[in-house]
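Subject: Structure handover

Dear colleague,

Here is the structure I said I would pass on. My notes on it follow below.

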Amino acid sequence: MITIIFAPPRTGKTCFMTHILNTYAFDRERFKLMRSEIARKNQNGFNLSIPKHCVSANYDITFRKYGYSPRHNRRINPYKLGFKNKFVKTHFNIPYEVIGITEAQKYLNSRMSLYFPDWQSRWYEQHGHDDIDIFLDTQRPMLIDVNIRELAQFIEIVKLEISCDEYKRVSKLKWTIRKIDNSGLFDKYMSSGKQDTSCYVEEVVEANYNVFRCYNSQSCKPKFYEGHLDEDFDLEYSTETDESLEGYIKFLQEFDDELPDNFYQSRTLKKEKNYAQLQ
């Protein structure tokens, strides 16, 4: 199943997904199914190792459970999920794999549907045949490719409550969520202004540990500094510090809000060029 988790910024989307993935990392029944499937493949000519668990994600997670040693996810690149093809070397998926993709709109951008490769589209359509579950978090599901949305169920995070102990350390997280079974109900829910209660089931999910310790919620911060190592901050002239007419005119001359060259690439690019960029 594909599950799209959505909510406004800073409301615990990735934290909630991490909690789900943490549960799967210690799921003994799923591990048994994965191990049995790999054993059958090895009996038929493969030479596969057996992972410690079946969870993969595009960000680093340290899974934690009382009485167990910490575990770590397999790190994947969502652009490389798909069937074998001549354009991109794809990941070899684990049977019963659980995949978490944060900021999923980057990889499944609805505005780039024209270039969505067939080898990946078909993989999403058929992922259930290998017993794979996929979780995507995004601010708005409409940012996700329409073909993926039509295959998905949805979880909207309505509220996150954080409890702390006497030392002000996070001890418990509680999410109020709305589960929407399919894209038809999601469309109906959104068109009603999120007022149609027949479209969802509301639940409360609790984590009795500090999920924030399992991952780095600031992992995207380096992107804001990439490419600026040899630069200083852009500092504009201020009329508060320089009241002279000369200073104000200079400020106006240096003010730049024009569209940069090559900001938008041509929509007529061939698919092969787009594939090459994904490698």
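Is Y79 buried, partly exposed or exposed? Y79 is partly exposed, at a relative accessible area of 23%. Please bear in mind throughout that this is a predicted model.

Aromatic pairs

The whole structure was searched, and nine aromatic pairs turned up. One of them joins Y59 and Y215 in an edge-to-face arrangement, with 6.0 Å from centre to centre and 75 degrees between the planes. Y59 sits in the loop between strand 2 and strand 3 (62–63), and Y215 in the loop between strand 10 and helix 6 (245–254), so this pair ties together parts that are 156 residues apart in sequence. Y59 counts as buried at 6% relative accessibility, and Y215 counts as buried at 11%.

Y79 pairs with Y107: the ring centres are 5.0 Å apart and the planes stand at 70 degrees, so this pair is edge-to-face. Y79 belongs to the loop between strand 5 and strand 6, while Y107 belongs to the loop between strand 6 and helix 3 (118–126); the pair therefore ties together parts 28 residues apart in sequence. Y107 has 16% relative accessibility and counts as buried, whereas Y79 is partly exposed. Elsewhere, ring pairs link F6, F154 and F186 into a cluster.

The fold contains an open sheet of eight strands with mixed pairing, in the order 5-2-6-7-1-8-9-10. Its edges are strand 5 (74–75) and strand 10 (201–207), each of which pairs on one side only. Strand 1 (residues 2–6) runs parallel to strand 8 (residues 152–164), and five bridges connect the two. In this pairing I2 of strand 1 is opposite A152 of strand 8.

Helix 1 (residues 13–25) lies across strand 1, strand 2 (55–57), strand 6 (98–101), strand 7 (133–138), strand 8, strand 9 (170–180) and strand 10. Its angle to strand 7 is about 165 degrees.

Cysteines

How many disulfides are there? The count is zero. For C214, the closest cysteine sulfur is that of C15, at 8.2 Å, which is too far for a bond; the cut-off is 2.5 Å between the sulfur atoms. C214 is buried, with 2% relative accessibility. C199 is also buried, at 3%.

Regards

Terms used:
Residues are numbered from 1 along each chain as its sequence is written. This is a predicted model: local features need pLDDT of at least 70, side-chain atom pairs count only at pLDDT 80 or more; totals for chains, interfaces and linings use all residues. Side-chain values use heavy atoms; hydrogens and water are left out. Two strands pair if DSSP finds at least two bridges between them. Helices (H or I, at least four residues) and strands (E, at least two) are DSSP runs, numbered from the N terminus. Contact means heavy atoms within 4.5 Å. Axes are lines fitted to C-alpha atoms, for helices over the stretch in contact, and angles run from 0 to 180 degrees between N-to-C directions. Rings of Phe, Tyr and Trp (its six-membered ring) pair if their centres lie within 6.5 Å; planes under 30 degrees apart count as stacked, over 60 as edge-to-face and the rest as tilted. Buried means under 20% relative accessible area, exposed over 50%, partly exposed in between (1.4 Å probe, protein chains only).
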